[in-house]
Amino acid sequence: MDDLHPKEVVRRGYDAVSYHYRRDDADDGQYAPWIARLSSCVPARADILDLGCGCGVPVARSLARAGHAVTGVDFSAVQVRRARNLVPEATFIQADATGAAFPAASFDAIVCLYMFIHLPLDEQPPLFARIAIWLRPGGWLLVTTGHGAWTGSEPDWLGSGATMWWSHVDSATYRAWISTAGFGVVSDEFVPEGAGGHTLFWAKRR
Ligand SMILES: C[S@@+](CC[C@H](N)C(=O)[O-])C[C@H]1O[C@@H](n2cnc3c(N)ncnc32)[C@H](O)[C@@H]1O
């Protein structure tokens, strides 16, 4: 990783790995039941923020097709360029999620899948607090986190030639962070991946 800041490793990594990670025509896959549940929880034409939206497929694409007003944020130029092409009906902003700014109570739901695990640990609790401010009371947060605690990197991730970096705590700590930020945790589930996995939390803004 040389002397690069870990977030710069992640940003450059996703520029390189974008097409290895998700094809343009990927289907909803494991996200399908999550997208369907979220759509049933929010009003028609809801305002939904997708933080760390990647190439917009499948989450922003499916939520926009369901009639919701979707805003995606991602700091990878390649991911955002693809998202703007693949989901022209949504709005995409190229920015670091931890520096993004929205008025209070802007969204009915915020989706953040497989992004928190790429943030330095000291930046994670403050982002949960900002997410809580951006949500309307009763709004939904759908977020994947680490399941066990680990910080590390992998060279040539997904055969892209790029290094990727992750940092996460265990799911009990994430539950505490999400609760402290002003949410009631409604449910959580283990999402297996390879030899490990992630935790998917459904949380409601108090
Ligand atoms: C594993 S991908 C997941 C993409 C999408 N959420 C999905 O589940 O298909 C993680 C995404 O988060 C973005 N990301 C990571 N750290 C970020 C940050 N600090 N600010 C904005 N985007 C970030 C990456 O560029 C990448 O597109």
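1. Which residues have the most contacts inside the largest nonpolar core? They are A60, A109, I110, V111 and L141, in a core of 48 residues; a nonpolar core here is a set of buried Ala, Val, Leu, Ile, Met, Phe, Trp, Tyr and Cys residues joined through C-beta atoms within 7 Å, and a residue is buried if 20 or more other C-beta atoms, placed from the backbone, lie within 10 Å of its own. Apart from this core lies another, of 6 residues, including V10 and W165.

2. Please keep in mind that this is a predicted model, in which local features need pLDDT of at least 70 and side-chain atom pairs count only at pLDDT 80 or more, while totals for chains, interfaces and linings use all residues. Residues are numbered from 1 along each chain as its sequence is written.

3. An open sheet of 7 strands runs in the order β3-β2-β1-β4-β5-β9-β8 with mixed pairing, where strands are DSSP runs (E, at least two residues) and two of them pair if DSSP finds at least two bridges between them. The edge strands, β3 (91-94) and β8 (183-193), each pair on one side only.

4. Within this sheet, β1 (residues 47-51) and β2 (residues 69-74) run parallel and are joined by 5 bridges, and L49 has T71 in β2 as its bridge partner.

Note on methods: Helices (H or I, at least four residues) and strands (E, at least two) are DSSP runs, numbered from the N terminus. A residue is buried if 20 or more other C-beta atoms lie within 10 Å of its own, exposed if 12 or fewer, and partly exposed in between; C-beta atoms are placed from the backbone.
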